[in-house]
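Please describe this structure for someone new to protein models, taking in its aromatic rings, its open sheet and one of its pockets.

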Amino acid sequence: MRSPYGLEIVESCLRCKLRAQRLFCDLPPRSLDALQALGFATACPKGSVLSARGQSAREISIVCQGHVKISTASETGKRICLGFAGPGTVLGLSAAISRKPHQVTIETLEPCQLRIIQADRFLALLRNDPAACFAAATSLSNDVRKMHDCARLFGLSHSAAQKLARVLVRWDMHQDDESKGKPRLRFPLTHQELAEVVGVARATVTRLLTTFERKELIRRCGTTLVIEDERKLRALAAAA
């Protein structure tokens, strides 16, 4: 079934052709059947806020298609992006397990399909299903590693150019039709959103992108970003 947002909605997790490629979807059939029975599939457009910082954790969401942005903000309103999440990611897991409000805001970067499950029902599944519990523990471990990478990006980069280069070489939203040639990245971010990822002013991001293009490190084509010289870009990202 196709949704108004152009997504091919997959109602059955067991019939999903991509489940083997995704951490939390690659459960034994019995566990996956139990997981599916707890919730429902839904679609939402780009820019939808799935959870807000300070909101009670009433449900968890599993990303089936699309990508979301995870961010936080100071009391004065300054925002930083902590990362992105794609298919197979469980959103709101930490808040649900700890029974505390969400510490981050999660919103869709593009049209997404999600499986929504009430937090209490999901926690009951984890208590009774070892495979689902282990997948949840692995998911939380991966989240910790991503936050560590985020801390290194903000704390150990020597320049804004190095920060931006590190973001680009680690970007995991590649074009589906990417050949063996130059990496082609799907980049559905505004300059302001990218500035929140890098931790600099929007004007700095605009200047750096222009500089990277002039040096033929990248090429921008709408929402696609082509890495023209991956070797030099990686060298800049790894500079001591």
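## Aromatic rings, a sheet and a pocket

Trp171 has a relative accessibility of 6% and therefore counts as buried, where buried means under 20% relative accessible area, exposed over 50% and partly exposed in between, computed with a 1.4 Å probe on protein chains only. The model is a predicted one, in which local features need pLDDT of at least 70, side-chain atom pairs count only at pLDDT 80 or more, and totals for chains, interfaces and linings use all residues. Residues are numbered from 1 along each chain as its sequence is written, and side-chain values use heavy atoms, with hydrogens and water left out.

Trp171 and Phe187 form a tilted aromatic pair, and Phe187 is buried, as Trp171 is. Rings of Phe, Tyr and Trp (its six-membered ring) pair if their centres lie within 6.5 Å, and planes under 30 degrees apart count as stacked, over 60 as edge-to-face and the rest as tilted. By this rule the count is two aromatic pairs. In the edge-to-face pair, the rings of Phe84 and Trp171 have their centres 4.8 Å apart and their planes at 65°. Phe84 lies in strand β5 (residues 79-85) and Trp171 in the loop between α5 (160-169) and β9 (184-186), so this pair ties together parts that are 87 residues apart in sequence. Helices (H or I, at least four residues) and strands (E, at least two) are DSSP runs, numbered from the N terminus. Ring pairs link Phe84, Trp171 and Phe187 into a cluster.

| Pair | Centre to centre | Angle between planes | Kind |
|---|---|---|---|
| Phe84 and Trp171 | 4.8 Å | 65° | edge-to-face |
| Trp171 and Phe187 | 4.4 Å | 35° | tilted |

Strand β5 also belongs to an open sheet of four strands, whose order is β2-β7-β4-β5 and whose pairing is antiparallel; two strands pair if DSSP finds at least two bridges between them. The edge strands, β2 (49-51) and β5, each pair on one side only. Within the sheet, four bridges join β4 (residues 68-73) to β7 (residues 105-108), and the bridge partner of Ile70 in β7 is Ile106.

Turning to the pocket, Val10, Cys16, Leu18, Arg22 and Cys64 lie nearest the centre of the second largest pocket, which is lined by 19 residues. On a 1 Å grid over the protein atoms alone, a cavity is a set of points where a 1.4 Å probe fits but cannot get out, and a pocket is an open set with protein on both sides within 12 Å along at least five of seven lines; lining residues have an atom within 4 Å of a point. The largest share of this lining, three residues, comes from β3.
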